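Open the model in your viewer and keep the selection tool at hand. This tour goes stop by stop, telling you what to pick and what you will find.

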Amino acid sequence: MLRVLVVDQDPDRAEIVEKALRQDPNLSVEVATAGPGHLLDLLRTLEPDILIVDLDLPDRDMIEQLRVATREQPRPIVMFVDQSDSEAMKAAVGAGVSAYVVDGLTAGRVKPILDTAVARFQEFEKLRRELDIARTSLAERKLIDRAKGILMRARGLSEEDAYNLLRSKAMDEQKKVAEIAQSVITASELLK
Amino acid sequence: MRIRAGFIPLVDAAVLIAAADRGFAANEGIDLELAREVSWANMRDKLNIGHFEAAHLLAPLAISESLDPGRPPLRAPLVLSENGNSILFGDETFKTLNTFAEGNLDDPRTSGAALRRLIAARSENGAGKLTFGMTFPFSSHNYLLRFWMAAAGIDPDEDVQLVVLPPPYMVDALTSSQVHGFCVGAPWPSVAVEAGIGHIVHFGTDIVSACPEKVLAVRSGWAEENADCLNRLARALIRATSWCANAENRDELSHLLAAPSRLNLPPYLIERSLAGRVQVDPSGRTRVDPRYLMLDSALTRPDARAALWLYSQMVRWKQLPLDHKRIDAVTACFSPTVYDAALVSLTQRPLVNDGIGAFAGPAFDPADIQGFLAASQ
């Protein structure tokens, strides 16, 4: 029986990952939505063999400490990607997930688990985008489409990259995607 | 040419942010796209797999990555900053420390001795270990705390607990009493002082007066394949550094850094750090140190000596063994060749690393003044 701990700031996504992992009868799965600073306690209590974390979790740096300090942690932790191929790492980071395993666990036992988590993260991202789109009004969607077109032409981006750029800018500036889209359109009109 | 670079919200990301937001990169034909990151581990991973071409990185992390056989080696072609850290104690802990002080706490020997007595008293009373936050196992913050404690006879592995927290979470961790204090870069200590919850016990410069801090980090493979692009980026960053170092631009720079997509903090807190005029406790006491956080053209050239000092600290604290192969790798990580080439292309003058830099004539050799003068005729 392998103990898997999933730590994700997004409870909805954690639930999806948990559900998928629970289908494997050889896994015991725990889920936590720990805030910064509590991960060490969780690791001490639960002693997981595999830890799956979302990339935006600030506690990731704390895990790095466990990889170095062996006095603190009797069971050394390594990053899964240390013992695997870089393609797996690219897929994981692209999906926004990372994994740590207890030293000595073979890649063969860990890989399917990470693959499942990566697939669920990707699926969740797709769902979230669809939900984003459904929530925006028709007028806003038109603005976003025009801004996407401008970005695709000006920056040589794919449609998806253009949308992601608008979305991340909106998150950075704590604005709506449609507002960022409007500023792209205004800027491009001024520059004509 | 598009270059994506990650940064952590810290004042020492200033050179990178100025290069992107004030046109220095664009002037070199580079579309520098910055992304704010939440953790150093993310930054490293995204740089490693090519989501980022460049990163604002802890100098010790760039070095330790280059020493890890399982990872692509990194290069630190430019140094972005020196110093900029502070050791801060929470209000209660500082007051207790004060009761153990025999002399002026600004002296790291006095404060260290007081901390040793405080630790001994806690241990007698059965109180738990004091916990201090730092930003990464491979960071100057870790080494500064350890250096200071060890000099006072405190074993940082046994007598206290050091925990890793990303810079923006330090203040929250102090508020929620997860840590008793921390060592972190500007402006986060000022944020804690401003919130009335902490006292800056030491500037990093009290412990080490010229501590290498952040570098521009790139993958060594990328640097080789994109030499022209890196040369342009280096030129942009050299220009941005001069601009940032000019006190006349401090106000504008503070506002650039304060933007929501950058540090998202009040400009006056950032300005304090840039000016080296830092309020150290809630009562309003201010300390001035022109070396508090250095953004300076004279420090941009990577210096292997600084990198090797950081490596020596990794060895001291048993993070890595000492050997010649690693010394060579550290030196390669801090190679000044990219910087030198960029400077030559900017100034259109041959580079003479003799500490004088005359426009003509042989390099100055202090060991052979006569020969130097003869060749100068």
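## A tour of the two chains

**Stop 1: a loop in chain B.** Select K318(B), which sits in the loop between α15 (304-316) and α16 (324-333) of chain B. Check its backbone: phi of K318(B) is near 60°, a positive value in a residue other than glycine. Keep in mind throughout that this is a predicted model.

**Stop 2: a cis peptide bond.** Go to P187(B), in the loop between β9 (181-185) and α9 (188-194) of chain B. The peptide bond from A186(B) to P187(B) is cis, and its omega is near 5°.

**Stop 3: two crossing helices.** Two packed helices are described by the angle between their axes and the distance between the axes. Select helix α1 (residues 14-21) and helix α12 (residues 227-245), both of chain B. Their axes come within 8 Å and cross at roughly 105°. That makes α1(B) roughly perpendicular to α12(B). Show side chains next. On α1(B), the contact is made by A14(B), V15(B), L16(B), A18(B) and A19(B). On α12(B), look for L237(B), A240(B), T241(B), W243(B) and C244(B). Color this contact by class: nine residues are nonpolar, one is polar and none is charged.

**Stop 4: another partner for α12(B).** By class, the contact of α12(B) with α17(B) has nine nonpolar, two polar and two charged residues.

**Stop 5: chain A.** Switch to chain A, and display it as a cartoon. Chain A has eight helices and five strands. Trace the chain along its sequence and you follow the pattern β-α-β-α-β-α-β-α-β-α-α-α-α. Along its principal axes, the C-alpha trace of chain A spans about 65 × 35 × 30 Å.

**Stop 6: where the chains meet.** Show both chains. Here 35 residues of chain B are in contact with 28 residues of chain A. About 2600 Å² is buried between chain B and chain A, and carbon and sulfur atoms give 52% of that area. Pick D45(B), I49(B) and V164(B). In chain B, these three lose the most area to chain A, together 18% of what that side buries.

**Stop 7: links across the interface.** How many salt bridges does the rule find across the interface of chain B and chain A? There are four. To see a salt bridge between the chains, select R44(B) and E64(A): their side chains meet at 2.9 Å, N to O. The rule also finds nine residue pairs in polar contact across the interface of chain B and chain A.

**Stop 8: the chain B side, element by element.** Highlight β2 (31-36), α3 (40-49) and β8 (160-164) of chain B. These are the elements that give two or more residues to the side touching chain A. The largest share, seven residues, comes from α3(B). Finish by coloring that side of chain B by class: 15 residues are nonpolar, nine polar and eleven charged.

Methods: Residues are numbered from 1 along each chain as its sequence is written. Chains are lettered from A and ligands numbered from 1 in the order in which they are written. This is a predicted model: local features need pLDDT of at least 70, side-chain atom pairs count only at pLDDT 80 or more; totals for chains, interfaces and linings use all residues. Side-chain values use heavy atoms; hydrogens and water are left out. Axes are lines fitted to C-alpha atoms, for helices over the stretch in contact, and angles run from 0 to 180 degrees between N-to-C directions. Helices (H or I, at least four residues) and strands (E, at least two) are DSSP runs, numbered from the N terminus. Angles under 35 degrees count as roughly parallel, over 145 as roughly antiparallel, 65 to 115 as roughly perpendicular and the rest as oblique. Contact means heavy atoms within 4.5 Å. Ala, Val, Leu, Ile, Met, Phe, Trp, Tyr, Cys and Pro count as nonpolar, Asp, Glu, Lys and Arg as charged, and the others, Gly among them, as polar. Buried area is the accessible area (1.4 Å probe) that two parts lose on being put together, summed over both. A polar contact is a pair of N or O atoms within 3.5 Å; within protein, one must be able to donate a hydrogen and the other to accept it, and residues adjacent in sequence count only if both atoms are side-chain atoms.
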